[in-house]
Amino acid sequence: MRKEKGRESQRERWFDRIRAYLDTIIHRKDMGEGAYTEETEDEKGNPYLLKLRSIMELLLPMYQLSYRDFRPLLIDTDTPPESLLDEDPAAIVLEQLSEDLNFLRISTDRPAYFSEYIHKMYEESGLVVQMLPKNQELSEDINVILDLEEKGDCPRDYMREHILYIPVFKRKWNHTGTWQNLDISIPIGYNTVIVKGIS
């Protein structure tokens with residue numbers, strides 16, 4: 001009996017070591033000359049931004065929502081790119097989410113920036129994108145808030161039972177998974193949601 005427990009314990013330690021080793025390999029970043037370094041805590045941005053569509057497609061069913069029922073409010077960034085060479089996070093998000101979207105409201109202080117996108121969406125899909133100034137009271141017809149602001153805290157008035165609040169930059173999205181899946185811990189409201197299968 002003790003030998004079996006000892007073997008199981010030893011096996012678990014080996015699996016833990018292998019997982020930890022694979023975890024470090026998966027999350028290292030190539031520096032060019034064969035040297036690797038792990039991402040630092042201070043690294044700016046959200047490394048999962050380019051996978052937001054996939055994340056939403058996994059996340060919405062957890063809240064009994066289909067993509068057809070997805071009614072997002074996009075809160076525009078408060079730190080637009082400093083250079084024309086840098087991509088705007090709002091443009092990255094909208095490019096991913098636009099296909100099959102039936103509703104979209106954008107809260108922004110720069111409505112002219114979105115005019116071309118709004119026209120394109122109307123021409124291509126008939127979607128009327130609604131614009132509103134920032135800090136306007138929330139309406140009941142939205143069910144997801146994608147907050148692209150970087151500064152300040154997560155606003156408490158966005159934390160409502162029927163609204164899924166996703167701070168894209170205000171809180172760090174943490175890798176929490178094993179070597180088989182990349183799991184993302186997304187703080188939503190007061191809870192943490194694990195989205196599995198994003199690699």
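Select Asp76 to begin. Asp76 is buried, at a relative accessible area of 1%; buried means under 20% relative accessible area, exposed over 50%, and partly exposed in between, with a 1.4 Å probe and protein chains only. This is a predicted model, in which local features need pLDDT of at least 70, side-chain atom pairs count only at pLDDT 80 or more, and totals for chains, interfaces and linings use all residues. Residues are numbered from 1 along each chain as its sequence is written, and side-chain values use heavy atoms, with hydrogens and water left out.

**Asp76 and Arg110**

The side chains of Asp76 and Arg110 form a salt bridge, 2.6 Å from N to O. A salt bridge here is a side-chain nitrogen of Lys or Arg within 4 Å of a carboxyl oxygen of Asp or Glu. Asp76 sits in the loop between β3 and α3, and Arg110 in the loop between β4 and α4, so this pair ties together parts 34 residues apart in sequence. Helices (H or I, at least four residues) and strands (E, at least two) are DSSP runs, numbered from the N terminus. The whole structure holds eight salt bridges.

**Asp141 and Arg105**

Next, select Asp141 and Arg105. Their side chains meet in a salt bridge of 2.9 Å, N to O. Distant parts of the chain are linked here: Asp141 is in the loop between β5 (130-132) and β6, Arg105 is in strand β4, and the two are 36 residues apart. Compare their surroundings. Asp141 is partly exposed at 29% relative accessibility, while Arg105 is buried at 9%.

Move to Lys134 and Glu149. Their closest N and O atoms are 2.9 Å apart, in a salt bridge. Lys134 is in the loop between β5 and β6 and Glu149 in the loop between β6 and β7 (164-167), so the pair ties together parts 15 residues apart in sequence. Lys134 is buried, with a relative accessible area of 14%. Glu149 is buried too, with 16%. Now extend the selection to Asp147 and Lys170: salt bridges that share partners join Lys134, Asp147, Glu149 and Lys170 into one network.

**Strand β6**

Show β6 (144-147). In a regular strand the side chains alternate between the two faces of the sheet. Both faces of β6 are covered, with Val144 and Leu146 buried on one side and Ile145 and Asp147 buried on the other. Look at its neighbours. β3 and β6 pair in the parallel sense over four bridges; two strands pair if DSSP finds at least two bridges between them. Leu73 has Ile145 of β6 as its bridge partner. β6 and β7 also pair in the parallel sense over four bridges. There, Asp147 has Pro167 of β7 as its bridge partner.

**Helix α3**

Select residues 89-97, helix α3. Seven of its nine residues are buried. These are Pro89, Ala90, Ile92, Val93, Leu94, Gln96 and Leu97. Their cover includes α2 (52-59), β3 (72-75), β4 (105-107), α4 (111-125) and β6. Then pick Asp88. Asp88 caps the N-terminal end of α3, with a side-chain oxygen 2.9 Å from the backbone nitrogen of Ala90.

**Confidence**

Finish by colouring the chain by pLDDT, the predictor's confidence in each residue, from 0 to 100. The chain's mean pLDDT is 77, and 66% of its residues reach 70 or more. Select residues 27-42: here the pLDDT is below 50, and the stretch has 18 contacts in the model beyond near neighbours in sequence. Contact means heavy atoms within 4.5 Å. Where pLDDT is low, the predicted coordinates should not be read in detail.

Definitions and conventions: Polar contact = N/O pair within 3.5 Å; in protein donor to acceptor, adjacent residues only side chain to side chain.
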